[in-house]
Amino acid sequence: MDSKPHNKLHIYFLPMMSPGHMIPMVDMARIFAGRGVKATLILTPLNAILVSKTIERDRDLGLEIIIRLINFPSAEVGLPEDIENHSSITSPEMSKKMYKAKELLQQPVEKLLEEDFPDCLVADMMFPWASDVATKRGIPRLVFHGTSACALHVNHILNQQKPYKNIESDSEVFVLPDLPNKITMTRRQLPDYMRDGTENHLTKLMEKITESVVTSYGVVINSFRELEPAYSELYSKLIGRKVWHVGPVSLCNRDNEDKSCKGSKISLSGHECLTWLDSKKPNSVLYVCFGSLSYFSNVQLLEIAMGLENSGQEFIWVVRKEKKTKEEEGWDEWLPEGFEKRLDGKGFIIRGWAPQVLILDHAAIGGFMTHCGWNSMLEGVTAGVPLITWPLFAEQFYNEKLVTDILRIGVGVGSQEWCRWPDESKIFVKRKDIEKAVVQLMVGEEAEENRSRARALGEMAKKAVQKGGSSYNYLSALLEELKLNSN
């Protein structure tokens with residue numbers, strides 16, 4: 001018998017161990033706590049360290065939010081003890097072990113639910129077993145996907161109708177059927193497991209995820225309805241479940257300390273760049289960052305460097321290199337000779353973690369070159385900044401279509417191939433295409449039109465989370481529904 005009093009909702013949040021999933025779910029838990037919910041985050045020890053200061057600040061403000069720890073099964077799956085997050089993965093083999101580790105978290109999560117009697121479990125899509133766990137406890141499970149309704153709907157169309165099967169080559173363009181907008185793709189832009197049609201651990205996982213969604217209570221999305229109204233409706237009908245847009249959740253970070261403490265320790269250059277931006281004119285600087293899971297080969301990094309230099313535009317570039325750090329020999333071997341000296345005062349390179357939300361909010365930023373990860377895209381939209389899209393893998397090619405074809409707030413750099421682990425000798429996008437995209441986004445009449453549309457969306461995003469806004473009202477309705485269920 002559940003003996004817990006029901007005067008306050010108690011909701012568990014189970015994020016996937018990856019910055020693009022963990023950061024927004026932590027923010028979501030904080031937003032729920034700000035609306036009177038007791039929020040409990042289930043984290044592994046090393047991931048808890050990344051957010052503990054933020055949670056402590058919220059607790060000092062009177063919010064009821066705590067962290068419950070579960071051990072990460074590193075030894076059981078053959079991973080080093082210090083790896084508990086996808087951002088530390090450097091090979092496909094390690095990635096498979098991470099997926100196996102997530103399966104082994106079911107039992108410790110079940111134990112926590114048995115001890116604590118929460119009213120609801122919000123679990124990342126990558127834990128399909130969460131629906132069964134919640135059902136066993138007699139509580140609703142809400143799915144968190146970490147992407148947009150548009151991307152979710154497009155992915156479902158691709159999986160169910162397989163329009164890519166009827167074409168003759170990987171480079172042939174095909175139209176995605178049954179969408180409100182005309183969206184075209186090529187087979188090269190699809191995930192390996194989808195393109196090849198072979199069954200592996202990912203295809204099996206995706207099947208389980210689809211099944212768990214349709215047996216869940218519903219889906220919470222880090223987005224706002226005004227951004228993608230048609231796709232929100234379509235996706236809800238598709239899965240036969242309610243969809244609640246409660247974002248952009250990054251807007252819960254109201255001061256600079258909150259905005260800077262996101263995911264990892266900011267490098268010294270990350271702090272210095274903000275002072276550097278203060279000396280620049282409004283809308284004059286391009287911010288270049290490809291997220292925490294993206295890697296580029298040396299030859300591709302060289303192309304980026306030359307494309308940025310040749311564009312003549314001022315920029316901040318966040319560089320993430322596989323394995324080596326700045327202190328290790330050879331880290332900068334790919335940089336063109338004299339690059340930083342030639343661009344002194346015009347280009348700024350950050351080696352390490354950057355305060356992205358703070359940078360995007362700065363008046364000097366006039367554009368954002370991004371890998372189209374949903375967190376980054378939404379942070380760009382929220383800041384009212386137009387985008388250069390360079391998708392690499394996951395659902396990023398779908399997100400690109402939302403930016404370039406539907407919202408029309410950016411331009412594509414010409415990325416044509418889905419690739420999680422780059423070929424060290426291959427150039428995917430050439431310097432001339434990078435230069436062209438940068439100039440197109442930053443200079444001229446089209447640039448101003450993109451910027452104007454982006455600013456309008458940024459204003460909509462901010463209104464959505466304010467009292468009476470669409471996301472605020474969605475969350476109010478969800479909490480009322482959960483309260484009725486818990487009584």
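Trainee: Let me start with a cysteine: is Cys372 buried or exposed?

Mentor: Cys372 is buried, because its relative accessible area is 0%. Buried means under 20% relative accessible area, exposed over 50%, and partly exposed in between, with a 1.4 Å probe and protein chains only. Before we go on, this is a predicted model, in which local features need pLDDT of at least 70, side-chain atom pairs count only at pLDDT 80 or more, and totals for chains, interfaces and linings use all residues. Residues are numbered from 1 along each chain as its sequence is written, and side-chain values use heavy atoms, with hydrogens and water left out.

Trainee: How many disulfides are there?

Mentor: A disulfide is a covalent bond between the sulfur atoms of two cysteines. The rule here asks for a pair of cysteine sulfur atoms within 2.5 Å, and the count comes to zero. Cys372 is in no disulfide, as the nearest cysteine sulfur, that of Cys150, is 12 Å away.

Trainee: Now the sheets. What is the strand order in the open sheet of seven strands?

Mentor: Strands of a sheet pair through backbone hydrogen bonds, either parallel or antiparallel. Strands (E, at least two residues) and helices (H or I, at least four) are DSSP runs, numbered from the N terminus, and two strands pair if DSSP finds at least two bridges between them. The order is β3-β2-β1-β4-β5-β8-β9, with parallel pairing. β3 (65-69) and β9 (242-245) each have a single partner strand, so one side of each is left without a neighbour in the sheet. From one strand to the next, the twist averages 25 degrees.

Trainee: Which helix packs on that sheet, touching β1, β2, β3 and β4?

Mentor: That is α5 (residues 106-116), whose direction makes about 170 degrees with that of β1. Contact means heavy atoms within 4.5 Å; axes are lines fitted to C-alpha atoms, for helices over the stretch in contact, and angles run from 0 to 180 degrees between N-to-C directions.

Trainee: And what is the order in the sheet of six strands?

Mentor: This open sheet runs β12-β11-β10-β13-β14-β15, again with parallel pairing. Its edges are β12 (347-351) and β15 (410-412), and the twist averages 15 degrees from one strand to the next. Helix α13 (residues 298-311) packs on this sheet, touching β10 and β11.

Trainee: How do I read a helix such as α7, and which of its residues are buried?

Mentor: An α-helix has 3.6 residues a turn, so residues three or four places apart point the same way. In α7, the buried residues include Ala149, Cys150, His153, Val154, Ile157 and Leu158. Their cover includes β6, α8, β8, α10, β9 and α17. The expected span is 1.5 Å times one less than the number of residues; for the 13 residues of α7 (149-161) that is 18 Å, and the end C-alpha atoms are 18 Å apart, which agrees.

Trainee: Where is Ser223 found?

Mentor: Ser223 lies in the loop between β8 (218-221) and α10 (229-239), and it is buried, with a relative accessible area of 0%. Its side chain makes a polar contact with the side chain of Glu228 (2.9 Å). A polar contact is a pair of N or O atoms within 3.5 Å; within protein, one must be able to donate a hydrogen and the other to accept it, and residues adjacent in sequence count only if both atoms are side-chain atoms.
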